[in-house]
Amino acid sequence: MTIVDQAIEFAAYAHRNQKRKGTDIPYVSHPYAVGMILRQAGCPDEVVAAGLLHDTLEDTETTAEQLRDLFGPAVLEIVVGCSEPDKGASWEERKRHTLEELRSASLAILQVACADKLHNIRSIRRDLAVHGEQAWDRFKRGRDSQQWYYTGLVESLGHESRFALLDELEAEVKAVFGSPV
Ligand SMILES: Nc1nc2c(ncn2[C@@H]2O[C@H](COP(=O)(O)OP(=O)(O)O)[C@@H](OP(=O)(O)OP(=O)(O)O)[C@H]2O)c(=O)[nH]1
């Protein structure tokens, strides 16, 4: 079994009781989509596995030790780099922290974070087409704050160099919010 196969099973079990926000869709559809985006972008197995596991530390009972033992330190480092550490902080503080951390992150972390946000913004675009502006209601902050966050993500993810997934994210952000403010 490769680490990608292992990560598929681990993520399915870890997220087994969770749904996507405001829907009945099993949560694991998101990490699976992130893994597929990374695979299609030609990323190596460790990065694809980290994409599949990227929300396990933040959103499930999974520990860092488990990830290190099963998937190795490189995968753990990427997952840690994609996790919000302080659950108690405000939305603004958490997102500002994410934007800051990404400014000095490794390419592997940038790729996983970018695939994550790319799948989320694609979901938002589809939901806006179906439900109109009330698609924002499920989130803790509305359109303006989300625009600030996604615009900041494109900037932070591109801190060092451009990569193909970032161009896709930028195009989606423009499609949802219009040109930069
Ligand atoms: N677009 C979308 N997002 C969903 C859905 N279900 C869950 N999410 C998660 O919701 C988060 C955005 O929701 P908010 O209310 O703004 O913020 P919060 O959960 O982080 O407090 C995203 O986190 P994030 O910080 O942007 O990324 P992540 O690193 O937590 O994945 C995303 O992971 C969904 O159906 N569509």
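**The ligand and the pockets of this model**

Good morning. Helix H7 (91-102), helix H8 (107-131) and helix H9 (143-157) each contribute at least two residues to the shell around the ligand. Please keep in mind that what you see here is a predicted model.

Let me begin with that shell. The ligand is surrounded by 19 residues, and the closest of them are Lys 21, Arg 94, Lys 95, Lys 117 and Lys 140. Which helix supplies the largest share of the shell? That helix is H8, with four residues. Sorted by class, the shell holds eleven charged residues, three polar ones and five nonpolar ones.

I turn now to individual contacts. For Lys 21, a polar side-chain atom lies 2.4 Å from an oxygen atom of the ligand. In the side chain of Lys 117, an N or O atom is 2.8 Å from a ligand oxygen atom. How much of the ligand's accessible area does the protein cover? On its own the ligand has 690 Å² of accessible area, and the protein covers 92% of this.

The ligand takes up the space of the largest pocket. About 1,200 Å³ of space lies in this pocket. Its lining consists of 47 residues, and Arg 20, Lys 21, Tyr 27, Lys 95 and Asn 120 are the closest to its centre. Lys 21 and Lys 95 were also named among the closest residues to the ligand.

Which helices supply at least two residues each to this lining? They are helix H2 (29-40), helix H4 (56-59), helix H6 (73-81), H7, H8 and H9. Of these, H8 gives the most, with eleven residues. The lining of the largest pocket divides into 17 charged, 15 polar and 15 nonpolar residues.

Finally, I come to the second largest pocket, whose volume is about 190 Å³. Among the residues that line it are Phe 10, Tyr 13, Arg 16, Asp 59 and Gln 66. Helix H1, residues 3-14, gives the most to this lining, with three residues. By class, the lining of the second largest pocket has five polar, three nonpolar and three charged residues.

To close, I return to helix H8. It gives the largest share of the shell around the ligand, and it also gives the most to the lining of the largest pocket. Thank you for your attention.

Notes: Residues numbered from 1 in each chain as written. Predicted model: local features only at pLDDT ≥ 70, side-chain atom pairs only at ≥ 80, totals over all residues. Heavy atoms only, no water. Near = heavy atom within 4 Å. Polar contact = N/O pair within 3.5 Å; in protein donor to acceptor, adjacent residues only side chain to side chain. Areas by Shrake-Rupley, 256 points an atom, 1.4 Å probe, with all protein chains shown as cover. 1 Å grid on protein atoms, 1.4 Å probe; cavity = no way out; pocket = protein on both sides within 12 Å on 5 of 7 lines; lining within 4 Å. Sits in = over half its atoms within 2 Å of the grid points. Nonpolar A, V, L, I, M, F, W, Y, C, P; charged D, E, K, R; others polar. Points joined across faces, edges and corners; volume = space filled by probe spheres on them.
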